[in-house]
Amino acid sequence: MRPRCVITGIGAVSAAGIGIEQTWDSLCSGRSGIAPISAFDATTSPHPFGGEAKKEDQLVSARDYVPKHYRKATKVMARDTELAVVAASLAAADAGLVTREAGEDAALTYPSSRVGCHIGAGFIAAETEELTSALVTAKDDKGDFSLEKWGEVGIGNLQPLWLLKYLPNMLACHVTIIHGCEGPSNTITCSEASGLLSLGESVRIIERGDATACFSGGIENKTNPMGVTRMGMLGRFAELDGGIDEPWRHVRPYDDSVCGGVPGEGGGIVVLEEKSAAEARGARVYAEVAGIGSAQSQPGALGICHEVSTCGGPGGDADEGLADAIEAALRDAKIGPDDIDAIVPAAMCVSTLDRAELGGLERVFGARLPEIPLVTLTPFVGQLFSGAGAFAMAVGAKAVSEQQLPARLHGGWPEARAGAGASESVDAELMNVLVCTGSLSGQAAAVVLRRAD
Amino acid sequence: MVITGAGWVTPLGDDLDAVWERMLRGESAIRPVEHFDARTFATNFASQVSGFELAKFLGPRAERHECGSFATRFALAAAIRAWESAGFGPAMIEPGAPRKSDAFDPKRFGVYLGSGEGRVDFENFVRSNYQGWDDETRRIDFRRWMPAAARNLIPARELEQEPAMCIAHVSAELGCRGPVSNCMTACAASTQAVGEAFELIRRGDADVMLAGGAHSMIHPLGMTGFIRLTAMSKRNDDPATACRPFDATRDGFVMGEGAGMVILESLEHAQKRGANIIAEVAGFGSSADAYRITDIHPEGAGAAAAMRRALEQAGIDPSSKDASGRPAVHWINAHGTGTKENDKTETAGVKRVFGELAPKVPFSSVKSMLGHLIQAAGAVELITCLQAIKTGIIPPTANLNNPDPDCDLDHVPGTPRDCTGVGGVDVCLSNSFGFGGQNNTICVRRFAG
């Protein structure tokens, strides 16, 4: 029998809170973190709200979480990397895992070579102001940008390590350095699916014996000017008036009355461990990862470029892709659709994507779908992109361990076929929880989380 | 697990054997940048794919991908060549028809790529930033920037920069519906993609996987980033010999672009359909340096760990010799970028693994001719290993005239090594190490049946 994998620590970072306890409290009390974006002046944007990861009303900073000797390195971290560093530290602490973070002489829980790191990431946008302050030093006589001048003088005005801030593998890179993870490490970049694909990879690596524990998850920041603009023009965010109160009321999963969500930042990183090793050290277990699956959907007959230019992303048969991923995860967990007690879906709040998601869930769960509680997180935290699946997984694991479903926020009326209307937090018997998502580019991934035995 | 198909798009061409011939002759495609005006850049040359037309590979179906980035189009070309060579069907089919093959179940056909992001829409991006800049405060005024960016940027171009769009196009073209992933571990990405694809099949999650990578960073911001890191060669007066792995005069890597794709299958699946087996994937090793963001571990510890794990999985003892009296590994395709640090630490890593036998293991770098294809490098170089196994010849390290005392192994300088007289090339290691410390090694072996 292949080794089993369990989640023993959770680092969740989002507008719902820093750390899984604060997050869980917000989710159960129905407290949304969506507010006017504070990282930059977004008041002239049609998307002025977002879900930012804050601590005492200030954007959370990696400086407060890294060992003292590593503080200088936070200067070359993009926001995405900072959030990953925070989430990984929280996950290690929550798991009671002693890593190199505790100092070179610390008694490590596992040898460094036995710890892997798989953190999904997005396309990190260069900080607009940092880059532009160099770009404007490359003007020609007419005041226009000149490549010739850029080569001569402009490039020299960027900080030397500029590129290193924006490579997507820098999330994992900094986490591996801080925690001394010398085992396999990867950076999966499949947008919303990244976190679950990363968890799947950690599972395979532990199963095959290449690591005993892994940091696993995904993080992204979209509450930045380029992220808001890019995903806004692709139809992912609702156009909202900056003067409205309770913006979460306009983030409505499976409800055509508002199309689009709001940008968010954050995600989740968990500590995944080989079950017998976790038991041997007496670790608390949130949930077992019982099954993993992924699949790719296909565009429609007119081809992918047609869909990209008209729908803002490959649409096609995303419902079938999602169903394939879920069925693969159920097979892997050796259970059937009737064994699933709750679902944490993507709930992106974009009509076409939500419809595809419900279509995919219906393919698997049929008429039972409206009876299965859906845990919808976007009204709390916004759209986390590469952090979304990982955040959903973190919440799913906590729900399994608490045997409780968080509250559900909804400012309207979701489609009847989705069990997604507003509700309070309730106790629930949760043996198997499905976490699943499609993505911007047609990848779908699913994970089955099981109650620890 | 076996490889049954391969295809590439490289600066030296796109035909498997023709590119190989050029490599054996030590040819280079490195010359001044043609994609944009880089004349004043500290490094103004690169290893470029020129005259590329996707229609040559896909016929009228190329139109379905005309929105794709350079990397995406390279990936499609390499993937369709891999598809054809695996015997899955012809490249040219009806433009509107879904691509299918009787050779496999599409839901058991997965894809794992290490493809890079698309290129920034530089002109519109810079225009937005200029319009949002306030010269007096020397800051961006986001109240101006937000509407400017919304006006200037083009949605489809923005989407195509997303790092998973390459895999979306490739999957759409080949009809892959199985397990999927795209990774970005910089220069290590496509080796890692092939390795993890191999593991997915081994776990039973798929029968067939397309694996590889594609990338192009030969654009103003890509070149800018590496110039600022002082990682690229500045030999503007002599681009053709600028990439000098293991040479005392080396001064950095040379930026390249392209794509490499292979078809991996379980042996059972390949044999059942009577596939032509090119080689066996015998082992995969992956590690992280966990050292520093800017530096490689000085003793090549992470590199050594990846190589050791790949050899262990392949059941090869690095200190052993084979029946021909040669070390059991016949060729190490070096990561060999031509930077001071990489070549020195990689050499140290090889010594750690092979001990006394290290000087006897041929260890050369084809980047001396191809340049560094960044995320595509690993897959393209894995295919050079397949060519070495097929022909029994080890490609040289070009431009290696003044050996660095710290790089004192058998780097096959200048001329290829013909091993056909001593039993050919049976076992190769292919190394790829990423900026940020992710290390990957694949071991491929002649398929013995």
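1. A helix crossing is called right-handed if the near helix is turned clockwise from the far one by less than a right angle, and left-handed if it is turned anticlockwise. In this predicted model, α8(A) passes α5(B) in a right-handed crossing. The helices are residues 225-233 of chain A and residues 142-152 of chain B; their axes come within 10 Å and cross at roughly 35 degrees.

2. Which residues meet where α8(A) and α5(B) touch? From α8(A) they are P225(A), T229(A) and M233(A). On α5(B) their partners are F142(B), W145(B), M146(B), A149(B) and A150(B). Sorted by class, this contact holds seven nonpolar residues, one polar residue and no charged residues.

3. The contact between the chains as a whole involves 82 residues of chain B and 81 residues of chain A. On the chain B side, α5(B) supplies the largest share, with seven residues. That side of chain B is made up of 41 nonpolar, 23 polar and 18 charged residues.

4. Chain B has three assigned domains: domain 1 covers 2-120 + 157-272, domain 2 covers 122-156, and domain 3 covers 283-445. Between domain 1 of chain B and domain 2 of chain B, the C-alpha centres are 33 Å apart. Nine residues of domain 1 of chain B touch six residues of domain 2 of chain B. On the domain 1 side, the elements giving two or more residues are α6 (155-159) and α9 (220-228) of chain B. Of that side, α6(B) gives the most, three residues. By class, the domain 1 side has five nonpolar, one polar and three charged residues.

5. In chain A, strand β16 (residues 443-450) is mostly covered, with eight of its eight residues buried. In a regular strand, side chains alternate between the two faces of the sheet. For β16(A), Q443(A), A445(A), V447(A) and L449(A) point one way, while A444(A), A446(A), V448(A) and R450(A) point the other way.

6. How does β16(A) pair with β11 of chain A, and over how many bridges? Strand β11 (residues 287-296) pairs with β16(A) in the antiparallel sense, over eight bridges. In this pairing V289(A) is opposite L449(A).

7. Strand β15 (residues 432-437) of chain A is also antiparallel to β16(A), with six bridges. Here T437(A) is opposite A445(A). The hairpin of β15(A) and β16(A) has five residues between the strands, and in this hairpin G442(A) takes a positive phi near 95 degrees.

Technical notes: Residues are numbered from 1 along each chain as its sequence is written. Chains are lettered from A and ligands numbered from 1 in the order in which they are written. This is a predicted model: local features need pLDDT of at least 70, side-chain atom pairs count only at pLDDT 80 or more; totals for chains, interfaces and linings use all residues. Domain bounds come from an automatic or database domain assignment. Two residues are in contact if their C-beta atoms, placed from the backbone, lie within 7 Å. Helices (H or I, at least four residues) and strands (E, at least two) are DSSP runs, numbered from the N terminus. Ala, Val, Leu, Ile, Met, Phe, Trp, Tyr, Cys and Pro count as nonpolar, Asp, Glu, Lys and Arg as charged, and the others, Gly among them, as polar. Axes are lines fitted to C-alpha atoms, for helices over the stretch in contact, and angles run from 0 to 180 degrees between N-to-C directions. A residue is buried if 20 or more other C-beta atoms lie within 10 Å of its own, exposed if 12 or fewer, and partly exposed in between; C-beta atoms are placed from the backbone. Two strands pair if DSSP finds at least two bridges between them.
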